[in-house]
Amino acid sequence: MYESERPSLNYDDLFSGRDPLDITLVECMLTYTCNIRCVYCFNPHHRRGNELAVSEWKTAIRSAADLGAVATIFNGGEPLAYPGHVELIRYAHDLGLITGISSNGLMLDPNKVDELAGNLDVLQISLHPWRYIDDLAGG
């Protein structure tokens with residue numbers, strides 16, 4: 001898919017006329033690593049270090065796009081903690097996919113925003129009540 005063919009972010013444009021069983025979104029759980037520890041989180045922190053390589057993610061993203069996916073969201077753990085996140089977002093964007101990240105936002109700074117600009121369509125920031133966070137140093 002080329003830039004001029006990128007899908008609209010309008011819900012009706014994305015889903016009208018599609019078979020409900022078609023792949024629409026690929027969700028990439030990039031890492032189990034997170035910079036905070038929320039007591040209610042489902043993330044299995046003990047599995048850190050068992051993530052896919054960038055090349056494996058690219059194969060998966062390409063396969064999803066070939067099967068008709070129109071969007072990919074990167075999450076985890078904290079997706080910004082995964083070393084290849086910028087490369088993967090650019091790759092998905094270059095395939096013509098709508099790209100998004102679900103992040104706690106604590107690793108965002110002006111430099112990171114500049115790195116992501118132009119390749120990221122949706123930035124979802126989760127707001128966490130601080131009283132539920134055990135350890136901000138997390139890891």
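Modeller: Let's start with one side chain: at 39% relative accessibility, E87 counts as partly exposed. Buried here means under 20% relative accessible area, exposed means over 50%, and partly exposed is in between, with a 1.4 Å probe and protein chains only.

Colleague: Before we go on, what should I know about the model itself?
Modeller: It is a predicted model, so local features need pLDDT of at least 70 and side-chain atom pairs count only at pLDDT 80 or more, while totals for chains, interfaces and linings use all residues. Residues are numbered from 1 along each chain as its sequence is written, and side-chain values use heavy atoms, with hydrogens and water left out.

Colleague: Back to E87, then. Which side chain does E87 meet in a salt bridge?
Modeller: That of K58, at 2.7 Å from N to O. A salt bridge is a side-chain nitrogen of Lys or Arg within 4 Å of a carboxyl oxygen of Asp or Glu. E87 sits in helix α3 and K58 in helix α2, so the pair ties together parts that are 29 residues apart in sequence. K58 is partly exposed, at 23% relative accessibility.

Colleague: How many salt bridges does the structure hold?
Modeller: The structure has 3. One of them joins R62 and D66, with their closest N and O atoms 3.4 Å apart. These two are 4 residues apart in helix α2, about one helical turn. R62 is partly exposed at 38%, whereas D66 is exposed at 56%.

Colleague: And where do E115 and K112 lie?
Modeller: Both are in helix α4, residues 110–116, and they are 3 residues apart, about one turn of the helix. K112 counts as buried, at 13% relative accessibility, while E115 is partly exposed at 36%.

Colleague: Let's zoom out. How many helices and strands does the chain have?
Modeller: There are 4 helices and 6 strands, in the order α-β-β-α-β-α-β-α-β-β from the N terminus on. Helices (H or I, at least four residues) and strands (E, at least two) are DSSP runs, numbered from the N terminus.

Colleague: What about the inside? Which residues touch the most other members of the largest nonpolar core?
Modeller: Of its 20 residues, those are C28, L30, I61, F74 and L88. The elements giving two or more residues to this core are β1, α2 (54–66) and α3 (85–94). A nonpolar core is a set of buried Ala, Val, Leu, Ile, Met, Phe, Trp, Tyr and Cys residues joined through side-chain atoms within 4.5 Å. In soluble globular proteins, nonpolar side chains tend to be buried together.

Colleague: Can we look at L30? What is it in contact with?
Modeller: Leaving aside neighbours within four places in sequence, the contacts of L30 include W57, F74, Y82 and L88. Contact means heavy atoms within 4.5 Å.

Colleague: And T31, buried or exposed?
Modeller: T31 is buried, at 4% relative accessibility, and its place is in strand β1, residues 25–31. A polar atom of its side chain lies 3.0 Å from the backbone nitrogen of T33.

Colleague: Last one: where is L127 found?
Modeller: L127 is in the loop between β5 (122–125) and β6 (133–135), and it is exposed, with a relative accessible area of 76%.

Notes:
Polar contact = N/O pair within 3.5 Å; in protein donor to acceptor, adjacent residues only side chain to side chain.
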